[in-house]
Amino acid sequence: MNKGILYVISGPSGTGKGTICAEIIERRDIHLSVSTTSRSKRVGEIAGVTYNYTTPERFKSMADNGELLEWAVYNGNYYGTPKAQIEDMLDEGKDVLLEIEPQGALKVKEILPETVLIFVIPPSMKILRDRLVSRGREDEEEINDRISSAKWEFMQAFKYNYIVENDDLGVCVARVMQIMDQCTAERKKIYQLLNS
Ligand code: ADP
Ligand code: 5GP
């Protein structure tokens, strides 16, 4: 059986990654990985669905025990991708989607070079800030921290396989799905050649 494809979506906070991933999992047969984090749960988030929430100590022991495919510190909190389930799904031929920041994304690419990295950009910095403000999840100080992190994150975009602008949501989601369809077709062809 052909292996599933691992896709990673990154981009600065507020650019629309979560919204895009929610649209994709509605439309495609793909598993969205649930990360583990030491950050506290926010209003509207669901434990086990948005994230698995844990303490910094427990997070560190998960990392030390090799339970995470990658992990990173973002604005003072730990975030990591649980390993076992993802490996099983890929081996079973299922596609998997990770929504993670660039330090983690680039580690995944190092470990699994066949991973497809997609970087989502906002139309402008003004729109990025407006989206963070209108989401209303972070206070002003945290919004400023996230905007500062965005500058470093944009520099990482050059290392990604694809860069997609999220101006109109529908257009952006269609482009991501087009990339996925193209990757599926290309890999199918490669597997056919390998098996012939
Ligand atoms: P991220 O997961 O990248 O931090 P979100 O998905 O939470 O970002 O989106 C941030 C805010 O921007 C949300 O309020 C969301 O509804 C809004 N948003 C996302 N995409 C668009 C878009 N294309 N046009 C306008 N608003 C958007
Ligand atoms: P938030 O606090 O907004 O939910 O997430 C902050 C950042 O952490 C986002 O860029 C998000 O993509 C990233 N993130 C979420 N889960 C993971 C993960 O498992 N690993 C890494 N490296 N980053 C993650």
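**Ligand 2: shell**

I began with the classes of residue around ligand 2, and I count 5 nonpolar, 4 polar and 7 charged residues in its shell. For this tally Ala, Val, Leu, Ile, Met, Phe, Trp, Tyr, Cys and Pro are taken as nonpolar, Asp, Glu, Lys and Arg as charged, and the others, Gly among them, as polar. I note at once that the model is predicted, that local features need pLDDT of at least 70 and side-chain atom pairs count only at pLDDT 80 or more, while totals for chains, interfaces and linings use all residues. I also note that residues are numbered from 1 along each chain as its sequence is written, that chains are lettered from A and ligands numbered from 1 in the order in which they are written, and that side-chain values use heavy atoms, with hydrogens and water left out.

I then listed the neighbours: 16 residues surround ligand 2, and the closest are Ser-35, Tyr-51, Tyr-79, Glu-101 and Arg-137, where a residue is near a molecule if one of its heavy atoms lies within 4 Å of it.

**Ligand 2: contacts and cover**

I looked up the polar atom pairs next, with a polar contact taken as a pair of N or O atoms within 3.5 Å; within protein, one must be able to donate a hydrogen and the other to accept it, and residues adjacent in sequence count only if both atoms are side-chain atoms. An oxygen atom of ligand 2 is 2.5 Å from a side-chain N or O atom of Tyr-51, and an oxygen atom of the ligand is 2.7 Å from a side-chain N or O atom of Arg-39. On the nitrogen side, I find a nitrogen atom of ligand 2 at 2.7 Å from an N or O atom in the side chain of Glu-70. On its own ligand 2 has 510 Å² of accessible area, and the protein covers 96% of that; the areas come from the Shrake-Rupley method with a 1.4 Å probe, and for residues only the protein chains shown count as cover.

The elements that give two or more residues to the shell around ligand 2 are β5 (68-74) and β6, with helices (H or I, at least four residues) and strands (E, at least two) read as DSSP runs numbered from the N terminus.

**Ligand 1**

I turned to ligand 1, which is surrounded by 13 residues, with Gly-14, Lys-17, Gly-18, Thr-19 and Arg-135 the closest. By class, I record 2 nonpolar, 7 polar and 4 charged residues in this shell. From a side chain, a polar atom of Thr-19 lies 2.5 Å from an oxygen atom of ligand 1. Taken alone ligand 1 exposes 570 Å², and the protein buries 72% of that. I see that α1 (17-27) and α5 (125-135) are the elements that give two or more residues to this shell, and that α1 gives the most, with 3 residues.

**Glu-138**

I followed the chain past α5 to Glu-138, which is found in the loop between α5 and α6 (140-156).

**Single residues**

I checked Gly-80 in strand β6 (residues 77-82), and Gly-80 counts as buried because its relative accessibility is 0%. In the loop between β5 and β6 I found Asn-75, which has a positive phi of about 45 degrees although it is not a glycine. Asn-75 counts as partly exposed, since its relative accessibility is 32%.

My last entry is Glu-165, in strand β9, which is partly exposed at 41% relative accessibility.

Terms used. Buried < 20%, exposed > 50% of the residue type's maximum accessible area, 1.4 Å probe, protein only.
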